[in-house]
Amino acid sequence: MSNYKYLILRRISQITLLVLYFGANAYGWKMLAGNLSSSTILGTIPLSDPFALLQMLAAGASVGATALVGGLVIVFFYGLIGGRAFCSWVCPVNMVTDAANWLRRKLYIDKIERKIWVSRNLRYYLIILALIVSFVSGLAAFEVISPITILNRGVIFGFGAGAGLLVAIFFFDLFVLKNGWCGHICPLGGVHSIIGKYNLFRVKHNSDNCTLCMKCKDICPEVQVLDMIGKRSDFVAKQECTNCGRCVDVCNDDALGFNIRNYMKNNQEVTDENVN
Amino acid sequence: MKKEVKKVHITPRRRFFTNIAQGTGMSIMGGLLWAGYAQKAKSSALTLRPPAALEEEDFLKTCIKCGLCSEACFNRDSNRDKETLEHRPATLKMAKAQDDATIGTPFFVPSEVPCYMCEDIPCVPVCPTEALDITSVSNDKGELDFKMMNMGLAVVDSNSCIAFWGIQCDACYRACPLLDEAIKLEYDRNERTGKHAFLKPIVDMNICTGCGLCEKACVTEKPAIFVRPRELVLGKPGDHYVKGWDAKDQQRVAQQSDKDMTTHTERSKSEAVDYLNTGVDFE
């Protein structure tokens, strides 16, 4: 079971949060009320989705101070532990797309399908487009189509016709594009990538232990971040890493593990190399 | 003769501009579709918002769709009746994709579950973005005043209201939380029978909050009194109509002196025609 350690922890984290949100509405719990757009912990600490706030500001809203503070709390928190830790440890859509990916592997779709190339940077362009559309339409543009909030609200307040979008994303990820939604399109993931650019917790590779089995690259939802596998011992450098820990899970050679990035130490190593 | 094949030299500059053009094309295509959808995704004009909500346009911009108001509403599923332990039906609902309101925004339908106008207005202070503006329901002392709520306005369809037929019914009058203030009964003589009275419900638009308890209470098959957003049912006479008998309105005109007060419609040049009194001999 050691191959599923982080996966199980992530599922526990994702489901616990959904249960807390659900309980806040259904039983009046105070632990975590609201939803992923904006919520309060124990009725005091505010949390707000920074991307939703940006869109609202682009639409021309004057947003209340509580929500702005909540946005800062989120930026600070994920800025520390890893921006896209949101994607793999919190976001409920991750469970939908992971399910699609699991089935994709079982059906060998990767090996058979006609490949479609879509830029992994699409999400960043969509952030800009979302802000422009918000400005033009006077409505937070991504929030009216976001499958994340649709799924999140669906669990809390009951599903509506919007659930169709989740089915669509499942089949898109399964049959059309590997990691299509989370790895290419989702602009919220893009925002969280930017937030976590300088975060502390990163996966570190030890190439001395690596046997080049490439299991990590098979499982990774953002393969491009594992560009150092078998080449050099280093931290994952790219911001798109979701800190999901699947690569650590599947590695049987102890070549991958979470570590704390130490910027000062890194700089020293570089200078040492230069001296030599 | 050998056919000359024209070789196009693709410079980095050409590649750069072509890529830019491709990106622009996709953005315009996607952006137009997206903006078009966003426009259509805006709520229908009939949507009723929670108390203290900003004007619809600003509300749509400012609501973050977190549902905290709906969870704070006294009249919600999770707030069971202490004695019967029965779930209460929820007033504030979060719009789903198939609803008339923008997805994820709170709204209520008075004919299903009206707003019960809690004195402490629990739904408003929890709003993190101030899309529900607490100052609009606070009096001069800074206390919450539920009488200042402004969700809509009750309208009576006098054609289908049975009280206007002469049948005795004061269901809406009795249901109103601002009894005899927001809905008053106007007594009128019933000429048809000659010995009965009409008890006609009349809504005072300055007091009615639009809670919808009257709509819920109405006995007709489809309610003859119903709540609509205020801007939908209220007219506007314009500044140039002045109540000459109202000192306040006179003051308003006096203060308007800095504005352009000249008459723009020219006076008719033709004389008034006295067609009634011509050719009549009054002797």
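The contact between the two chains of this predicted model draws 41 residues from chain A and 33 residues from chain B. On the side of chain B that touches chain A, the elements giving two or more residues are helix H1 (12-40), helix H2 (56-62) and helix H3 (68-72) of chain B. Of these, H1(B) gives the most, with seven residues. By residue class, this side of chain B comprises 12 nonpolar, 12 polar and nine charged residues.

Within chain A there is a further contact to consider, that between its domains. Chain A is divided into domain 1, residues 2-194, and domain 2, residues 202-275. The C-alpha centres of domain 1 of chain A and domain 2 of chain A are 25 Å apart, and 18 residues of domain 1 are in contact with 14 residues of domain 2. Four helices of chain A, namely H1, H4 (85-89), H10 (180-185) and H11 (187-195), each supply at least two residues of the side of domain 1 that touches domain 2. The most come from H1(A), which gives four residues to that side. Seven nonpolar, seven polar and four charged residues make up this side of domain 1 of chain A.

Helix H1 of chain A, residues 5-26, also packs against helix H8 of chain A, residues 147-157: their axes come within 8 Å and cross at roughly 50°. An angle between 35 and 65 degrees falls in the oblique class, and H1(A) and H8(A) are therefore oblique to each other. The crossing in which H1(A) passes H8(A) is right-handed. From H1(A), the residues A:Leu18, A:Tyr21, A:Phe22 and A:Asn25 meet A:Val155, A:Ile156 and A:Phe157 of H8(A). The residues of this contact are six nonpolar and one polar, with no charged residue.

The surroundings of H8(A) complete the picture. Nine of the 11 residues of H8(A) are buried, so this helix is largely enclosed by the rest of the structure. The buried residues are A:Pro147, A:Ile148, A:Thr149, A:Ile150, A:Leu151, A:Asn152, A:Arg153, A:Ile156 and A:Phe157; A:Ile156 and A:Phe157 also take part in the contact with H1(A). The cover over the buried residues of H8(A) includes, from chain A, H1, strand E1 (32-35), helix H5 (93-106), helix H9 (163-176) and H11, together with strand E1 (93-94) of chain B. After H8(A) comes A:Gly158, with a positive phi near 105°.

Conventions
Residues are numbered from 1 along each chain as its sequence is written. Chains are lettered from A and ligands numbered from 1 in the order in which they are written. This is a predicted model: local features need pLDDT of at least 70, side-chain atom pairs count only at pLDDT 80 or more; totals for chains, interfaces and linings use all residues. Axes are lines fitted to C-alpha atoms, for helices over the stretch in contact, and angles run from 0 to 180 degrees between N-to-C directions. Angles under 35 degrees count as roughly parallel, over 145 as roughly antiparallel, 65 to 115 as roughly perpendicular and the rest as oblique. A crossing is left-handed if the near helix is turned anticlockwise from the far one by less than a right angle, and right-handed if clockwise. Two residues are in contact if their C-beta atoms, placed from the backbone, lie within 7 Å. Ala, Val, Leu, Ile, Met, Phe, Trp, Tyr, Cys and Pro count as nonpolar, Asp, Glu, Lys and Arg as charged, and the others, Gly among them, as polar. Domain bounds come from an automatic or database domain assignment. A residue is buried if 20 or more other C-beta atoms lie within 10 Å of its own, exposed if 12 or fewer, and partly exposed in between; C-beta atoms are placed from the backbone.
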